[in-house]
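Open the structure in your viewer and keep the selection tool at hand. The tour goes from one selection to the next and says what is found at each.

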Amino acid sequence: MSRLPAVAVVGFPNVGKSTLVNRLAGGRETVTHAEPGVTRDRKRVRCEWNGVAFELLDTGGIDLEDSSELARDIQRQARLGIAEADVVMFVVDARAGLRAGDADLAKTLRGAKVPVLVVANKVDRPEDEHLTAELHKFGLGEPLPVSATHGLGSGDLLDRVVEELGEHARPTDEDEATRVAVIGRPNAGKSSLVNAFLGSERVIVSDRAGTTRDAIDTEVEVDGRRVILVDTAGLRRRSKVAGSVDYYAQLRSERAVERADVALVVCDASDGVTAEDLRVAELAMHAGCATLLVLNKWDVTQTDIDDARARVARKLRLRPAVITCSATRGRNVANLLPKALELADRAGERIATSELNRFVAAVVAKNPPPARRDRRLKLLYAAQVGERPMRIAIQVNDRKLIARDWAYYLENRLREEYGLEGVPVVIDFVPRSGTRR
C-alpha cells in the first residue's frame, strides 16, 4: 500500500500549528486553544490542493529546554513526524520575533534531508510582512508569510508545498478506507491498543488519564484493505469537561465516531463493563456506527466474561459482541481489526427480498404478534431499503397494532439470523396504502 506523501508541521508551542493545519485542510480537524501544549501526538490530516493529495502531520510544540516526561514524549513524536516527512513546515510566530526556542529548532532542521519551509504565521495584514525579515537568520530560506486565522498567504504556501513534494506528489485517490474509531473512558488503554495494532509507539501512552486530546488518524493495511485507525480522547460526560480544553477534545472524539464505520469501545477489564462504558457504546450506536466492546488489560485482572456479555445483551439494543484482549501483552490483538472489518462488511450487506420475506414469515409462524382489540398485526411484505445503517421496511395492515416488545423480538431474531450483533438496524413498519395509520 503506497502512502500519501507527508508534510510535517513543527514549531515551538503555541505558534499556531494546529490552526494552520485546520486552515490548509479546510476544516476544524484538530483541537486548538489559547493554552500552550494542547497538541501532544502527531495527527494526520488529509489535504488536497490542485488535484494533489498529501497528509499534514500536526505535531506537538517542541520546546527543547523542557525536560518533563510529557515534553520528552511530545518531542519524540514530533521527531518521528519529521523523520517520516517528505517536506517540513517550520512554523514561527512572526509577531514574537526570533526566540531562543525557535533558533534551537531551526538548528536541528538545518540538518534535515528533506525541504524545510519557514512559515511566518500571524502575519494578519499585508503591511505586516516586514515582520518576516529577521527570520532569514534561521538559514532555511525565504520565510513565507501567512495568517492561519484569516487565510492570508495560505494558497501560496500550498503551491510551494506541492512544488517541493515534486516526485512524491500523488493525484487524489478516491479509494475509500474503512474507518475504525478506538473509543472509551479515559485511561482504558485506547492508545496502547492502537500502538499494539501498529507495532510501534505511534501515540503517546501514559498512566496519566487524558493524555490524548485529539482524534489521531493512522492508515494501516489489514488483509489487503485500507483501514484508518482513529485514536480518540477519553469520553466523559460533557458536564464534567465544560469550559476546559478537554471539552474540545471531547467534541473531536464524538465527531470521529460519527465519521467511523466501526467503533471499538475499549473497557478496563478490572472494572468490567461499567455504566459509563455502556454510555460510550450508546453514543457510537446513535451515530449509526457498528460497535464491538473490547475488555482490555485482561492480563492484569479477569472479570466474569459471561456476566459482562449478559449485561451488554440486556442493556444495549445492538447486542454487540464482547471480546477480551491485552494491548501490552498482545493477547488477541490480531483478531480485533479483522472482526471490525467483518462488522463493517455486514453493515453494508443487502438481504435479498425473497429471503427476507421467508425469514419474517418463519418468525411470525413461530411467535405471532399479540392481538390487540381482537385484531392482530399482519406483516404483508418486507424489503431492505438502505444500508449503513441497514434499513428494513415492512408493510403492515395497521401500525397501531404493533407491540414494542414483539418488534424488539423481531429485531433480535434478525440479528441472530444474519450475524448482525453490533450492527445498526432500523426497522420501519409502513402502513399499507388505504389502511388506518
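This is a predicted model: local features need pLDDT of at least 70, side-chain atom pairs count only at pLDDT 80 or more; totals for chains, interfaces and linings use all residues.

**Helix 3.** Select residues 100-109, which form helix 3. Colour Gly101, Asp102, Leu105, Ala106 and Leu109, the buried residues of this helix. Viewed down the axis of helix 3, they lie within an arc of 135° and so line one face. Now turn to the face directed away from the buried side: Ala100 and Lys107 are exposed there.

**Helix 8.** Next, select residues 275-286, the 12 residues of helix 8. From first C-alpha to last, helix 8 reaches 16 Å, close to the 16 Å expected at 1.5 Å a residue. Buried in helix 8 are Asp277, Leu278, Val280, Ala281, Ala284 and Met285. Because they cover an arc of only 160° around the axis, these residues sit on the same side of helix 8. Ala275 and His286 are exposed on the other side. Step just past the end of helix 8 to Gly288, where phi is positive, at about 75°.

**The largest nonpolar core.** Select Leu193, Ile394, Leu410 and Leu414, the residues with the most contacts inside the largest nonpolar core, a set of 53 residues. Centre on Leu414: beyond its neighbours within four places in sequence, Leu414 is in contact with Ile351, Leu356, Phe359, Ile392, Leu420, Val425 and Ile427.

**The second core.** Finally, select Ala177, Ile183, Ile228 and Ile305, which are among the 28 residues of a second, separate core.

Notes: Residues are numbered from 1 along each chain as its sequence is written. Side-chain values use heavy atoms; hydrogens and water are left out. Helices (H or I, at least four residues) and strands (E, at least two) are DSSP runs, numbered from the N terminus. The expected span of a helix is 1.5 Å times one less than its number of residues. Buried means under 20% relative accessible area, exposed over 50%, partly exposed in between (1.4 Å probe, protein chains only). The arc is that of the directions from the helix axis to the C-beta atoms. A nonpolar core is a set of buried Ala, Val, Leu, Ile, Met, Phe, Trp, Tyr and Cys residues joined through side-chain atoms within 4.5 Å. Contact means heavy atoms within 4.5 Å.
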